[in-house]
Amino acid sequence: MPSNAIKEKKSIQFNTIVIVFILAVIVALLSYVIPAGQFAREVVDGRSLVVPGSFQFMESTPITFWQFWTDIPKAWTNGAGNIWMILIVSAMVAVLEATGTLDAFLTKSLSSLKGKEELMIILIGTFFSILGATGTFLTPIIAVLPIGVKAAKKMGYDGVVGFMLTYAATAAGFDAGVINIYSTSIGQSIAGLPQFSGLGWRVLEHVVFLAITLIATILYGRRVKADPSKSLIPGHVREDLSDEHPEEVKLTARQIIVGLITLAGFGVMIYGSLAHKWGNNQISALFFMLAIIIGLVGGLGPNKTADVFSAGIKNTAVIAVIIGMSQLISVLMTDANIMDTVVYYVSMPIMSMGPILGIFALFVFNLIFNFFIPSATAQCYVVMPIQIGIADLAGINPQVAIEAYKLGDAITNMTWPTVPTFMACLAMLNIPYDKWLKWSFKWLICGLGGAGAIIMILWQLIG
């Protein structure tokens with residue numbers, strides 16, 4: 001070997017499923033160290049709330065060897081709603097693509113906006129962020145993700161830009177929670193505050209969060225356009241419109257009808273999510289029906305529609321495993337009865353920290369705790385009754401206590417491997433988890449986290 005030969009640096013990389021599995025093993029082992037305990041709970045307006053000051057230790061219930069393995073299918077069962085919704089949505093988009101409608105429509109519509117790609121990012125991102133502010137659209141956004149990715153590639157970007165202007169932009173609205181019925185509303189009802197009070201502060205927060213997200217998206221998009229090798233997605237293929245001739249693309253009558261049916265379907269989904277709080281089952285039913293209608297109207301016929309639908313599910317089957325594994329941490333901690341113990345031990349020192357340090361402590365606590373309970377609503381029911389009591393003792397404005405919970409949840413919606421929808425999106429786009437964390441650290445932690453912390457402190461000082 002020549003003396004000047006360069007030795008390649010070897011690095012160990014883990015599959016996402018492996019990462020979650022290792023974390024699950026650690027949690028199972030910790031169940032032998034962390035004592036079991038529970039808070040008492042009371043049902044208020046049909047909701048199970050923790051009773052502050054009611055924590056009691058109980059007989060240890062560590063995770064046994066066999067229980068660990070049986071909890072894995074149990075976790076998959078818990079995530080069944082998310083799993084089937086994502087598989088069916090992916091299959092529906094595969095049927096839509098097979099009709100040629102999606103490709104023709106994007107080529108036609110985006111060709112007139114050549115050179116205005118960044119304006120499109122702002123407009124699309126703002127639209128989805130407003131939907132996210134209601135709290136009902138963060139999970140259903142996965143139905144739009146494939147189309148957002150296709151549009152991003154048509155504009156010369158990669159799938160990460162599609163992820164940012166759909167999921168990340170929706171998360172920015174969800175995180176600010178201007179009228180979020182799943183975090184702000186529940187938190188304020190637990191705290192005894194008027195519904196959606198403090199609206200002006202949350203609008204400010206929304207604007208700041210959205211601006212940071214859009215700036216990060218645009219800067220990344222410029223980098224990828226200048227040098228495609230810097231994409232987070234290995235071997236990504238962009239579909240630059242400069243290589244196409246949109247004047248030669250003609251939408252057939254069938255494709256126009258399919259396009260209108262698809263738009264109507266998404267309109268129904270938005271209406272159902274906002275007006276009737278649709279969950280995974282209703283959205284899955286809608287997209288299953290859409291797949292059949294689109295396939296038949298689009299000229300695929302029953303057999304071809306079924307074949308394409310099945311292939312769409314097959315191509316995204318690994319996502320089901322990732323979503324199921326992401327539920328495992330929460331299942332293990334619940335079965336070991338150590339979830340409440342963690343909350344109890346962490347809450348004790350915060351009470352004596354004072355308002356400013358207390359705010360940061362509550363934020364960090366929620367940031368970490370969301371790893372174990374990634375659902376904003378479930379976390380709110382567990383944490384907020386205790387957190388409001390802590391806020392009273394530490395002199396923290398109850399509105400700010402809610403913000404600390406929301407901000408902790410916000411950042412982790414695009415960080416922790418236990419968040420099902422987030423992990424499903426990364427898996428759909430083949431974005432390596434470690435690369436995502438490395439790139440997103442600055443704008444997520446320093447950007448959203450720093451901005452949110454400043455807003456909380458100002459809110460506390462102004463009162």
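1. Is Val 207 buried or exposed? Val 207 sits in helix α9, and at 52% relative accessibility it counts as exposed. For the cut-offs, buried is under 20% relative accessible area, exposed is over 50%, and partly exposed is in between, with a 1.4 Å probe and protein chains only. Helices here are DSSP runs (H or I, at least four residues), numbered from the N terminus. Val 207 and Tyr 157 are 50 residues apart in sequence, and their C-alpha atoms are 25 Å apart in space.

2. A quick word on provenance. This is a predicted model, in which local features need pLDDT of at least 70 and side-chain atom pairs count only at pLDDT 80 or more, while totals for chains, interfaces and linings use all residues. Residues are numbered from 1 along each chain as its sequence is written, and side-chain values use heavy atoms, with hydrogens and water left out.

3. Staying in α9, Ala 211 is found in this helix, which spans residues 199-226. Ala 211 is partly exposed, with a relative accessible area of 34%.

4. On to the core. The largest nonpolar core has 143 residues, and the members touching the most others are Phe 287, Phe 369, Phe 422, Trp 436 and Trp 443. Helix α3 (residues 80-98) gives the most to this core, with twelve residues. Such a core is a set of buried Ala, Val, Leu, Ile, Met, Phe, Trp, Tyr and Cys residues joined through side-chain atoms within 4.5 Å. Leaving out residues up to four places away in sequence, Trp 443 touches Met 164, Ala 168, Ile 212, Thr 213, Ala 216, Met 414, Trp 436 and Leu 448. Contact means heavy atoms within 4.5 Å.

5. Next, two helix pairs. The axes of α5 (residues 117-132) and α7 (residues 159-176) come within 6 Å and cross at roughly 35°. Axes are lines fitted to C-alpha atoms, for helices over the stretch in contact, and angles run from 0 to 180 degrees between N-to-C directions. The crossing of α5 over α7 is right-handed, that is, the near helix is turned clockwise from the far one by less than a right angle. On the α5 side the contact includes Ile 121, Gly 125 and Phe 128, and on the α7 side it includes Leu 165, Ala 169 and Gly 173. By class, this contact has eight nonpolar, six polar and no charged residues. In that scheme Ala, Val, Leu, Ile, Met, Phe, Trp, Tyr, Cys and Pro are nonpolar, Asp, Glu, Lys and Arg are charged, and the others, Gly among them, are polar.

6. The second pair is α16 (residues 355-369) with α18 (residues 398-412), whose axes come within 8 Å and cross at roughly 35°. This crossing is right-handed too. Ile 359, Leu 362, Phe 363, Asn 366 and Leu 367 in α16 meet a set in α18 that includes Val 400, Tyr 405, Gly 408 and Ile 411. The class count is nine nonpolar, three polar and no charged residues.

7. Lys 406 deserves a look. It belongs to helix α18 and counts as buried because its relative accessibility is 3%.

8. Two threonines. Thr 305 lies in helix α12 (residues 301-315) and is buried at 7% relative accessibility. The side chain of Thr 305 reaches the backbone oxygen of Gly 301 at 2.7 Å. Beyond four places in sequence, Thr 305 is in contact with Val 95, Ala 291, Ile 292, Gly 295, Leu 296 and Leu 300. Thr 421, in helix α19, is buried with a relative accessible area of 9%. Not counting residues up to four places away in sequence, Thr 421 touches Asn 82, Leu 138, Thr 139, Ile 142 and Tyr 167.

9. Finally, backbone angles. Asn 337 has a phi near 60°, a positive value in a residue other than glycine; it is in the loop between α14 (328-336) and α15 (339-350), and is buried at 16% relative accessibility. Asn 430 also has a positive phi, of about 60°, and sits in the loop between α19 (420-429) and α20 (433-462). Asn 430 counts as exposed, at 52% relative accessibility.

Note on methods. Polar contact = N/O pair within 3.5 Å; in protein donor to acceptor, adjacent residues only side chain to side chain.
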